[in-house]
Every structure is written in C-alpha cells, then in structure tokens.
Amino acid sequence: MSLPHAILTALLEKPSSGLELTRRFDKSIGYFWSATHQQIYRELGRLEQAGHIRALPAPVPVRGQRKEYEVLPAGRAELGDWVARREDPKPMRSSLLLRMRAAAMVGTTGLRAELERHLALHREQLAEYLAIEVKDFPDERRSAGPDRLRHLVLRGGIDLERFWVEWLTDALVELDREG
C-alpha cells in the first residue's frame, strides 16, 4: 500500500506531472520504492478519485496537455496518518542468500562469478549514492529542515550498500578458503 504514499510524498515535495513523477522516482524514491510509469499513472487516477490530489488547472486548456498534480488536504492527512501508523518490519527475502545456503548442499560451482557480479553492482550503487550525497547534501543542508530526513534516508542506502560490499567481500574470502 506504499505506492500511493510515495506519490503523495513526491507531490508534496513538488507538484508534478505523471512523467515528472516517473523521472523523479528513477532518481530518488525509486532507489527504495520502485514503480513503473503505468503504476504511477494508475495510482494518480486512484488518488484523484479518492480526493487526495487534484490536477492543477492549465493556464490555457490544450487537448493532450499533460496534467500537473498537487496534494489536497485529504491527501496530506492520509499521508500523516500513514506516517504515524504502526508497521512491523518485513522479513528480508534474498535469492542470493538462499543460493549460498543451497551451495552448502550442492557445491559452489558458478557461485564465485555471481558473488563477484553482485559485489560490482553494490560497489557501483554505493558510488552513485555517495555522488548524490556530495551533490545534493552539502554540509549546510545535511542538518536543516526536510533535507535532514532526506539525507538520513540516503545514509540508510549508503549503509546498506556498504554492508553488502563488506559481506560479499567476506563471502568471496570464505569461498577461497573452501576451494
């Protein structure tokens, strides 16, 4: 049920069209909550029907013009209620961890290449997050207003990527010991 809340959050940050939302999801929210273009448009329709958002009036009505949406008071209230709701953490699901466990039973043939590939992907993602931190969160923005919490979310992503880099490095060392 979090996609509508992700959209409400993005629209509160900046009224946007569906296309702009898709681009923003690709650059920020999508790192921890992904959605396709179609899912975003479908959800915009639902949010509009529920009275949580509205399309901003166009200065000059033009057929086929893209709609820009803003959050209404009911949408802000829904988002506030959702933020305050109790929700237990979801169990982690990782096919890579499951494959490691299976390798203990059937052997590790081919596993090294997959671990190395994952390590490279996590290093790449970590580098991307660190670049975003440098670009979007200079020291003076890291502790001010809404940027403080946005930076905290980014730091969570950085810490997760660091965990995976360290864990995968250790896993490769263990494979070497076994081999």
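Biologist: Among contacts with a separation of 6 or more, what share comes from residues 24 or more positions apart?

Modeller: Bearing in mind that this is a predicted model, residues 24 or more positions apart make up 57% of the contacts in the protein that have a separation of 6 or more.

Biologist: And how many helices and strands are there?

Modeller: The protein has 7 helices and 3 strands, and read from the N terminus the order of the elements is α-β-α-α-β-β-α-α-α-α. The radius of gyration is 21 Å, well over the 16 Å that the globule rule gives for 179 residues, so the protein is more spread out than a compact globule. The C-alpha trace spans about 70 × 40 × 35 Å along its principal axes.

Biologist: What percentage of the residues count as buried?

Modeller: Of the 179 residues, 30% count as buried. The accessible surface of the protein is about 12,400 Å², and 56% of that surface belongs to carbon and sulfur atoms.

Biologist: Which residues make a nonpolar patch on that surface?

Modeller: Phe32, Trp33 and Val153 make a nonpolar surface patch of about 310 Å². Val153 has its place in helix 7, and with a relative accessible area of 44% Val153 is partly exposed.

Biologist: Switching to charges, how many salt bridges does the structure hold?

Modeller: The structure holds 14 salt bridges. In one of them the side chains of Arg112 and Asp176 meet, with 2.2 Å from N to O. Arg112 lies in helix 6 and Asp176 in helix 7 (residues 145-178), so this pair ties together parts that are 64 residues apart in sequence. Arg112 itself counts as partly exposed, at 29% relative accessibility.

Biologist: What does Arg155 form a salt bridge with?

Modeller: The partner of Arg155 is Glu133, and the closest N and O atoms of the two are 3.1 Å apart. This pair also links distant parts of the chain, with Arg155 in helix 7 and Glu133 in helix 6, 22 residues apart.

Biologist: Is Glu133 buried or exposed?

Modeller: Glu133 is buried, with a relative accessible area of 6%, whereas Arg155 counts as partly exposed at 24% relative accessibility.

Biologist: And what about Lys135, which residue does it pair with?

Modeller: Lys135 forms a salt bridge with Asp136, where the closest N and O atoms are 2.9 Å apart. Lys135 is exposed, with a relative accessible area of 64%, while Asp136 is partly exposed at 25%.

Biologist: Which residues are linked in a network of salt bridges?

Modeller: Glu13, Arg24, Asp147 and Arg150 are linked in such a network.

Biologist: Which residues does Glu43 touch?

Modeller: Leaving out residues up to four places away in sequence, Glu43 touches Leu3, Pro4 and Ile7.

Biologist: Now the rings, how many aromatic pairs are there?

Modeller: The count comes to 3 aromatic pairs. One of them is formed by Tyr31 and Tyr129, an edge-to-face pair at 5.1 Å centre to centre with 85 degrees between the planes. This pair links distant parts of the chain, since Tyr31 sits in the loop between helix 2 (18-27) and helix 3, and Tyr129 in helix 6 (residues 111-136), 98 residues apart.

Biologist: Which is it for Tyr129, buried or exposed?

Modeller: Tyr129 is buried, with a relative accessible area of 7%, whereas Tyr31 is partly exposed, with a relative accessible area of 27%.

Biologist: What is the geometry of the Phe163 and Trp164 pair?

Modeller: Phe163 and Trp164 form an edge-to-face pair, at 5.1 Å centre to centre and with 70 degrees between the planes. Phe163 counts as partly exposed at 43% relative accessibility, while Trp164 counts as buried at 14%.

Biologist: And which residues are in the cluster linked by ring pairs?

Modeller: Ring pairs link Phe163, Trp164 and Trp167 into that cluster.

Terms used:
Residues numbered from 1 in each chain as written. Predicted model: local features only at pLDDT ≥ 70, side-chain atom pairs only at ≥ 80, totals over all residues. Heavy atoms only, no water. Contact = heavy atoms within 4.5 Å. Phe/Tyr/Trp six-rings, centres within 6.5 Å; stacked < 30°, edge-to-face > 60°. Helix = DSSP H or I, 4+ residues; strand = E, 2+ residues; numbered from the N terminus. Buried < 20%, exposed > 50% of the residue type's maximum accessible area, 1.4 Å probe, protein only. Salt bridge = Lys/Arg side-chain N within 4 Å of Asp/Glu carboxyl O. Rg over C-alpha atoms; globule rule 2.2 N^0.38 Å. Areas by Shrake-Rupley, 256 points an atom, 1.4 Å probe, with all protein chains shown as cover. Patch = residues over 30% accessible without salt bridge, like charges linked within 9 Å, V, L, I, M, F, W, Y side chains within 5 Å.
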